[in-house]
Structures are given as structure tokens and as C-alpha cells.
Amino acid sequence: MENICISNVSKSFGHKQIFYHLNLTIYHGQINCIMAPSGGGKTTLLRILMGLEKIDSGCITGQKNKRFSAVFQEERLCEYMTAIENIRFVTPCLTVDKVRQEMEKLGLGDCACQPVSELSGGMRRRVSILRALLAEYDILCLDEPFQGLDDERKEQVLEYVKQNTVGKTVIFVTHDKEEALQLEAKIIVLSDFLIE
């Protein structure tokens, strides 16, 4: 599968310029970590790559007709469904036993049958991550996926993500360089690829 090549991409919202002639490569088969200050365009770039935002000018190749799976900053779980139902909603081919087995690895075994509306923020975050990783995808997008996790849980989830994305194309947004280093990600600092 090919790399994603972003060439001379510009994007603005009204009078606010987000990118001006952005040029960078997202490498196939590895974890690519996008870093920038708040408001630096990290989430906008993810949304563009997933087809949720249009660019003003430039060209992007390598992402069309690809299946995306994502963890967004905001929760996108179905409140009235249980944790296991939320996961199986996007992975109906996986058996209940298989999903339970994976939930156990992230300390979610006891809440499998609880509505997500009753779960803590950290539990909901782990359900979101697990749902995204178990889905069938070509490109996995993770937008600040570990926010709300305590240090011990974060360590556990980072290791799970690392083990389960070997050889896969991942675009990972974070402010935390330590997370990127733990995932052995290729770090891409957006400002290094912009023409001022």
C-alpha cells in the first residue's frame, strides 16, 4: 500500500489560516505521530484525511478508497448500548467471546454488559479505543486517544495499541512526546512542514 502524500495543501476557516502550502508524507505500515501546539491544525488534518473536511488548494494522494477507523477527542459511543454492543456495532463479525477476551486485556471485563452511560470517562475512552482497533481498517486515526486515562491505565493501553498496530498505518495526534516515544512512532511536527 502507498504512502499518503500531502502536497501544497492550504486550508482556512474564514479568515483563520490553518495550513499554507503544507507538504508532508504519512508513511504506510507505521505509527505516524502528528504534533503541533493547540490550534496548530492536528485535528483538522485528520478530518481532511478522513474526508470530513475539504482542502482549499493542493493535493493529497494515497488515502482515497481506504477504510478509516478513528478515535475522536469527543466520545462517539451510543449511550443506550452496552460496552460490548458498542464494540460489536462496528465489528459484527467478531464473536461475543472474542470481544470479551479483548476487553479483559484493557480491564473492561467487568463492564461488558453495562450501558456506556454508566461508565467512567476512562472506561469510555478504553471502549472507544478498543472499538477502533477491532474494526477492519486500512488507516487508523487516533486524536488525543489517551486523554482521561490515569498513568497505570495509559501504560496498559499504550502497550495494547503498540502490539495491535504492528505493520498498520496509524496517524496519531498528541501533545505528549512520551506517548509517541512509547509507541515508537515517527514524529511529525506540523510547523516543520509549513511555508510561513
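Visitor: Is Glu 75 buried, partly exposed or exposed?
Guide: Glu 75 is partly exposed, with a relative accessible area of 28%. Buried means under 20% relative accessible area, exposed means over 50%, and partly exposed lies in between, using a 1.4 Å probe and protein chains only. By the way, this is a predicted model: local features need pLDDT of at least 70, side-chain atom pairs count only at pLDDT 80 or more, and totals for chains, interfaces and linings use all residues. Residues are numbered from 1 along each chain as its sequence is written, and side-chain values use heavy atoms, leaving out hydrogens and water.

Visitor: Which residue forms a salt bridge with Glu 75?
Guide: That's Arg 125, and the closest N and O atoms of the pair are 3.7 Å apart. The two sit in distant parts of the chain, 50 residues apart: Glu 75 is in the loop between strand 5 (68-71) and helix 2 (83-90), and Arg 125 is in helix 4 (residues 121-134). A salt bridge here is a side-chain nitrogen of Lys or Arg within 4 Å of a carboxyl oxygen of Asp or Glu. Helices (H or I, at least four residues) and strands (E, at least two) are DSSP runs, numbered from the N terminus.

Visitor: And Arg 125, buried or exposed?
Guide: Arg 125 is buried, because its relative accessible area is 2%.

Visitor: How many salt bridges are there in the whole structure?
Guide: A search of the whole structure turns up twelve. One of them joins Lys 162 to Glu 184, with the closest N and O atoms 2.9 Å apart. That pair also links distant parts of the chain, 22 residues apart: Lys 162 is in helix 5, and Glu 184 is in the loop between helix 6 (177-182) and strand 8 (186-189). Lys 162 is partly exposed at 25%, while Glu 184 is exposed at 60%.

Visitor: Which residues are linked in a network of salt bridges?
Guide: Lys 11, Arg 47 and Glu 53 are. Within it, Glu 53 pairs with Arg 47, their closest N and O atoms being 3.3 Å apart. Glu 53 is partly exposed at 23% relative accessible area, and Arg 47 is partly exposed at 24%.

Visitor: What about helix 1, mostly covered or mostly open?
Guide: Mostly covered: helix 1 (residues 42-49) has six buried residues out of eight. Those are Lys 42, Thr 44, Leu 45, Leu 46, Ile 48 and Leu 49. Just after helix 1 comes Gly 51, which takes a positive phi of about 85°.

Visitor: Switching topic, where is Glu 159?
Guide: Glu 159 is in helix 5 (residues 151-164). Its relative accessibility is 39%, so Glu 159 counts as partly exposed. Glu 159 also belongs to a patch of negative charge on the surface, together with Asp 150, Asp 151, Glu 152 and Glu 155. Patches are made of residues with over 30% relative accessible area and no salt bridge, with like charges joined within 9 Å and nonpolar side chains (Val, Leu, Ile, Met, Phe, Trp, Tyr) within 5 Å.

Visitor: Zooming out, how many helices and strands does the protein have?
Guide: The protein has six helices and eight strands. Along the sequence, the pattern is β-β-β-α-β-β-α-α-α-β-α-β-α-β.

Visitor: How much of the protein is made up of buried residues?
Guide: Buried residues make up 47% of the 196 residues. The C-alpha atoms fill a box of roughly 50 × 35 × 35 Å, taken along the principal axes.

Methods: Areas by Shrake-Rupley, 256 points an atom, 1.4 Å probe, with all protein chains shown as cover. Lys, Arg positive; Asp, Glu negative; His and termini not counted. Charge placed at Lys NZ, Arg CZ, Asp CG, Glu CD.
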